[in-house]
Each structure stands twice: as structure tokens, then as C-alpha cells.
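Open the model in your viewer and keep the sequence panel beside it. The stops below say what to select and what is there.

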Amino acid sequence: MSNLSLRGIYKRYAGGVTAVTDFNLEIADKEFIILVGPSGCGKSTTLRMIAGLEEISDGELYIGGELMNNVAPKDRDIAMVFQSYALYPHMTVFENMAFGLKLRKVPKDEIKSRVEEAARILDISHLLDRKPKALSGGQRQRVALGRAIVREPKVFLLDEPLSNLDAKLRAQMRTELSKLHQRLGTTFIYVTHDQVEAMTMGDRIVVMKDGFVQQVDTPQNLYESPYNMFVAGFIGSPQMNFINGVLVEKDGGLALEFAAPAKEGEEPARYQVALPQRKAEAEGIREYIGKEVVMGIRPEDLYDDEQHLAEAATGVIDCKVEVTEMMGAETYLYLNFLGNNLTARVDPKTTARTGGEIRIAIDPEKVHVFDKETERTLCN
């Protein structure tokens, strides 16, 4: 069994710096777990503690039910794939993949069969006699994976393995890694700062910030029900839009109100988005009536087409178009609304043009509301 249990894990460095704080996570056998977050959030440190390359300052790490805190890296039955590939330049691909098995004094026949099988899985059989300098970045990455596969470990640890590849190859390797995980039936723990990788590959995602776990959930739940503004803004591309507004009572329900700064002698422009009943009944949200809150809305939930504008009973706003980006299958509009920068992902047939004015309909069903002070989610 290759299940892992991290219980109250801390990493403290000399000088009082705490890189990871109270990390708790249960990882099931054969699960694909992604650790994601900005640079310096503690995700690679956590991976290195699992590998035994960093000492755990506090807490307990179990692999397959066995306490691993004081077990040497070579005895943990794990394999790690690094960002830099870490291949021996003077060895052939075969020798690189076989090196760890030779150190373990595995019989030659078994080494040969394991390396050839891994090479077949990774489609690098034709490269076994080459040296790393004769390989492309994607081929080197496959060799690094092959070196891990031949060891048949309980757990694979992957530390940003695709970050050195170009965009097209990254997309291809994401698919290959997902297939590889299914084929091997082994636990994968994968570190990345790229939320697209996290969303497309993981069974569950651990979102980290400043050494703390912010939320652990499936990709879909993270996207639809973020626990706080950090998770909401980090997961999704382009990221969620945030607008400061005031929560007000309206017709027995609740609405978010946005007002432009008042000019002398003029009534300020006011816009409202009425909250659907289930959002207006969220626990504790009525305590915020009359207070400033933050509305979150994803770019794909802003519409500029006539049908949505005609059907919208609430949440129609006037924006200035600052930039348009044609992406082929869709267009991104970068908008200004009452001094707030918004991004809308709309149909490529949009008539919006840079410098023009445009009306946008907000989908009230997709609105998120956050506490402005704590940034905690009030309703999704």
C-alpha cells in the first residue's frame, strides 16, 4: 500500500523562519495529488520532507502505515523527478535509467527487462544508446521519468518536472503523465506553480500560501467553491475578477451595490446585482448588510451578447473597453468598471473594440461574495 499520512508537519529553519506550518493531509493509495501555490509557499519543501531530503521539524510522516521521520531517503521506497532532470551527461540513456538498480545490485537480466519496459511505456526505446546532450528537453524529461519508473517505487514525487519545456510540449507531457499514472497505478505527488497543470492532472489539489494549506479539494470544487479570495484568485485562468461593493437589502432579499465616486451636484451612478435566494440565505451573510464586501466573478460569467443583456433582470453594468485580445475560439476583453479592472471571456464575434463603451451582464448565479477583512468566502 502506498498511502501517505502527513500529520501536523512543520519545517523550521535556523533564524526562526517557518517554511511549512501545521501541514495535515491523508493521501490515498494510487491517488494523484498536486501541491500548488506561488513561489516560496512551501510546496517543494513539503515534497522534500516526504522524500527525506529535508528534516521534519515537527509532526509525523507515514508511508504505507510506517513512520518515516527518521528513515533514510534510500529506504523510503520513493522516486523523485526533478525540474532539472539531473541526468549523468557521460552515460547513455540506458545507463542513466539503470544506474539506481545497479547500486541496489539488481541482477543484470532484471535491469535490462525493467529498463526496456519503462522505455517502451515512455516511447524512448529508440534513444537507449544516446547520451543526454543528443536529446531534446522532452526526451530528457522522459528519461528522468524512466529512471524513476524502473525502481517500481511506492510513491512518485515530481517537483515541477515540466517547467523547462515549451508550451506545446508541456501540454503534451501533461497528458502523458496522466496516462502514466493510470498505467502504473502508483501514488503520485506533484508540485507545480502552474494552476493549469494542477486543474488538468490532479485527483485532488492542495493550495498553499506562505507555508499554510489554504484548501484541499477536487479541481471542480476548488473552482466552484473556493474557501477564500486567495484560492478563488489563484485557481482559474484568466483569474477571477474582484470588485468592492456594499451588501444591501432589496425586495426582501440581498443585493450587491456598486457606486461611482459622486461628482459635485450629481447623483453617483449606481449598479446592483441581486443575489439568488440560496446565496442570500448563506449562513451569517446577513450580518454584512450595510458593510463593504468583495464580489468575485469569473471572466466566463460576464456576457456582452444581446440575449444575455435582454434577459438580465439585474447585474447589467457599463464598462470601458481598454484592450481586446483575440484568442481564436474566444476573445478576452480587458475592461474598466468604476475604476475596477475586469476581464471578460466572450464570444469571438463580439463587437467590442478598444476604447469603446460596452454593456456587460453579470450572471448572479455565479457570483461569489467575500469578507473584505478576512477574505473568507461568505457565499459561492
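A salt bridge here is a side-chain nitrogen of Lys or Arg within 4 Å of a carboxyl oxygen of Asp or Glu. The model is predicted, so local features need pLDDT of at least 70 and side-chain atom pairs count only at pLDDT 80 or more, while totals for chains, interfaces and linings use all residues. Residues are numbered from 1 along each chain as its sequence is written, and side-chain values use heavy atoms, with hydrogens and water left out.

**Stop 1: a salt-bridge network**

Select Lys11, Arg48 and Glu54, which are linked in a network of salt bridges. Between glutamate 54 and lysine 11, the closest N and O atoms are 3.6 Å apart. This pair links distant parts of the chain, 43 residues apart: lysine 11 is in strand β1 (residues 4–13), and glutamate 54 is in the loop between α1 (43–51) and β4 (58–63). Helices (H or I, at least four residues) and strands (E, at least two) are DSSP runs, numbered from the N terminus.

Now look at arginine 48, whose salt bridge with glutamate 54 also has its closest N and O atoms 3.6 Å apart. Are glutamate 54 and lysine 11 buried or exposed? Both are buried, where buried means under 20% relative accessible area, exposed over 50% and partly exposed in between (1.4 Å probe, protein chains only). Glutamate 54 counts as buried because its relative accessibility is 19%. Arginine 48 has a relative accessible area of 29%, so it is partly exposed.

**Stop 2: a buried arginine**

Next select arginine 174, in helix α5 (residues 167–184). Show the contacts of arginine 174 (heavy atoms within 4.5 Å). Leaving out residues up to four places away in sequence, arginine 174 touches Leu162, Val196, Glu197, Thr200 and Met201.

**Stop 3: an open sheet**

Move on to the 6 strands of an open antiparallel sheet, in the order β13-β12-β11-β14-β20-β21. Two strands pair if DSSP finds at least two bridges between them. At the edges are β13 (270–274) and β21 (377–379), each pairing on one side only.

Select strand β20 (residues 368–371): His368 and Phe370 point one way, Val369 and Asp371 the other, and all are buried. With strand β14 (residues 292–297), β20 pairs over 4 bridges in the antiparallel sense, and histidine 368 has glycine 296 opposite. On to β21, β20 has 2 bridges, and phenylalanine 370 is partnered with threonine 377. The hairpin of β20 and β21 has 5 residues between the strands, and glutamate 375 there takes a positive phi near 65°.

**Stop 4**

Select glutamate 365 and arginine 278, a salt bridge with its closest N and O atoms 3.9 Å apart. Glutamate 365 is in the loop between β19 (357–362) and β20, and arginine 278 is in helix α9 (residues 277–280), 87 residues apart. Arginine 278 counts as exposed because its relative accessibility is 52%.

**Stop 4: a hairpin**

Finish with strands β17 (residues 331–337) and β18 (residues 340–346), antiparallel over 7 bridges. Tyrosine 334 stands opposite threonine 343. In the turn, which has 2 residues, leucine 338 has a positive phi of about 50°.
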